[in-house]
Amino acid sequence: MKHLICILFAAILFAVVNGQQAGTNTPEVHPPLTIQSCTKSGGCQTEAKSVVIDSNWRWTHTTSGTKNCYTGNTWDTSLCPDGVTCAQNCALDGADYQGTYGVTSSGSSLKLNFVTHGPYSVNIGSRLYLLDSETQYKLFKLKNKEFTFDVDVSQLPCGLNGALYLVEMDADGGMGKYPGNKCGAKYGTGYCDAQCPHDLKFINGEANCEDWKPSSNDVNSGTGHYGTCCSEMDIWESNSISTAYTPHVCTVKGQTRCEGSDCGDTAAGQRHTGVCDKDGCDFNPYRLGDKTFFGPSPNFTIDSTNPFTVVTQFITADGTDSGDLSEIRRLWVQNGKVIQSNNVTLGGQKYNSVTDDFCNAQKQEFGDPNDYEKRGGHKTMSGSLDRGMVLVMSLWDDHDVNMLWLDSDYPPNKSPSSPGVARGTCPTTSGKPEDVEKQHPDASVTYSNIKYGELGSTYGR
């Protein structure tokens with residue numbers, strides 16, 4: 001059978017595989033991370049979990065040795081003439097989480113460093129998933145529930161994004177659906193999101209090497225023929241300047257490989273014709289006119305120079321776990337004080353949470369296509385939350401538009417006074433990855449004290 005092989009680096013393997021060098025093949029040991037499940041009557045109970053780094057970050061080499069299948073941003077075409085053959089020839093390695101990827105965990109805390117100078121490479125950012133077991137991602141079903149975590153974004157300047165979010169990945173990373181995938185959740189496979197990314201090296205158990213185009217401005221990345229799509233709930237996207245939470249929905253259910261117009265590629269002029277809502281329905285206080293709510297000073301309601309707690313509530317229309325999602329509400333806690341999101345005004349109406357009405361009013365006010373409504377809005381997100389979504393924690397810079405969509409004026413060719421253009425105070429010249437990586441290599445984000453459970457059960461009053 002032709003399949004992507006995951007090498008388990010046990011002692012016996014070193015004895016039978018030729019050419020593998022001591023110290024380069026690393027066992028896969030998942031960093032532990034505790035979370036808590038909460039009820040109002042019983043309080044919070046600790047659960048021992050762990051995290052795994054996405055397969056895209058891993059060393060990919062021949063199954064019979066240490067020759068790279070992928071170097072920099074290019075596939076070895078002798079090993080990877082097509083996706084199936086490449087998956088037969090190539091293996092994913094285990095991860096040195098701290099030494100190579102700058103990932104450390106302690107108790108309930110997970111810290112992601114931005115630039116890490118490892119023994120064999122320089123790593124930029126990371127993307128990790130919460131595991132329920134060694135071979136399964138934890139699925140969160142959050143209707144009529146809340147999700148809470150602490151975060152420290154004080155070391156994230158313009159151009160960086162510490163993102164914590166949910167995507168509708170398969171719990172096993174796709175092993176059950178795709179026989180070619182022998183790695184699964186243990187090795188961080190199966191990623192998808194509403195951008196239908198083409199940069200995944202393996203999709204559906206096959207290499208994405210066909211029609212591969214190395215990036216012109218990212219020495220580690222490129223794009224292949226296929227993308228991988230699914231609904232996405234961005235609970236948290238932020239640096240120390242700006243923040244947003246954003247649902248994105250897709251017409252497909254679960255992780256789905258796309259090609260052509262279904263991917264909705266911006267470069268092809270098809271951003272608004274694909275299966276996913278790429279823009280999403282974002283609640284960015286600054287973009288919505290609340291310019292003193294979040295920022296790096298005690299003068300802001302939320303002072304991003306100090307840690308704080310983020311609470312996201314998924315309200316249903318009838319107040320039950322089976323009801324339809326009707327509202328996504330944000331609360332904050334800092335210095336022991338519970339802080340409500342402020343009201344913002346759109347079309348003469350006041351809103352302080354994400355509802356279908358808010359999304360419709362926001363799109364009309366800003367003159368943006370309403371892809372969220374066209375793809376089902378909260379009703380579609382409700383289905384994803386019913387089926388369960390995987391928790392992602394990441395830190396990244398933006399080689400496409402320099403994160404201007406989060407923290408600056410975007411699009412930069414429009415007047416900042418136009419509704420929805422101003423999203424933060426970062427200059428439009430900021431955020432270039434080559435600058436951020438050189439000037440802020442020590443940037444980091446820390447996520448901690450993850451809790452989920454009944455509404456009102458996860459944070460102090």
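**Exercise 1. Charges over rings**

Over the ring of which residue does the charged end of arginine 330 sit, and how many Å from its centre?

*Solution.* The model is a predicted one, in which local features need pLDDT of at least 70 and side-chain atom pairs count only at pLDDT 80 or more, while totals for chains, interfaces and linings use all residues. Residues are numbered from 1 along each chain as its sequence is written, and side-chain values use heavy atoms, with hydrogens and water left out. A charge sits over a ring if NZ of Lys or CZ of Arg is within 6 Å of the ring centre and within 35 degrees of the ring normal. By this criterion, the charged end of arginine 330 sits over the ring of tyrosine 245, at 4.4 Å from the centre. A further case is arginine 257, which lies over the face of tyrosine 226, 3.9 Å from the ring centre.

**Exercise 2. The chain as a whole**

Describe the secondary structure, dimensions and burial of the protein chain.

*Solution.* Begin with the DSSP runs, where a helix (H or I) needs at least four residues and a strand (E) at least two, numbered from the N terminus; the chain has eight helices and 33 strands. Along the principal axes, the C-alpha atoms fill a box of roughly 70 × 50 × 45 Å. Finally, 58% of the 461 residues count as buried, where buried means under 20% relative accessible area, exposed over 50% and partly exposed in between, with a 1.4 Å probe and protein chains only.

**Exercise 3. Aromatic pairs**

Classify the pair of tyrosine 70 and tryptophan 212 and that of phenylalanine 149 and tyrosine 447, and state which parts of the chain each pair ties together.

*Solution.* Rings of Phe, Tyr and Trp (its six-membered ring) pair if their centres lie within 6.5 Å, and planes under 30 degrees apart count as stacked, over 60 as edge-to-face and the rest as tilted. The count of such pairs comes to 22. For tyrosine 70 and tryptophan 212, the centres are 5.9 Å apart with 85° between the planes, an edge-to-face pair. Tyrosine 70 belongs to strand β5 (residues 70-71) and tryptophan 212 to the loop between β18 (206-207) and β19 (213-214), so parts 142 residues apart in sequence are tied together. Both of these residues, tyrosine 70 and tryptophan 212, are buried.

For phenylalanine 149 and tyrosine 447, the centres are 6.4 Å apart and the planes stand at 65°, so this pair is edge-to-face. Here strand β15 (residues 145-152) holds phenylalanine 149 and strand β33 (residues 444-454) holds tyrosine 447, so the pair ties together parts 298 residues apart in sequence. Phenylalanine 149 and tyrosine 447 are buried, and they belong to one aromatic cluster that also includes Trp236, Phe293 and Trp332.
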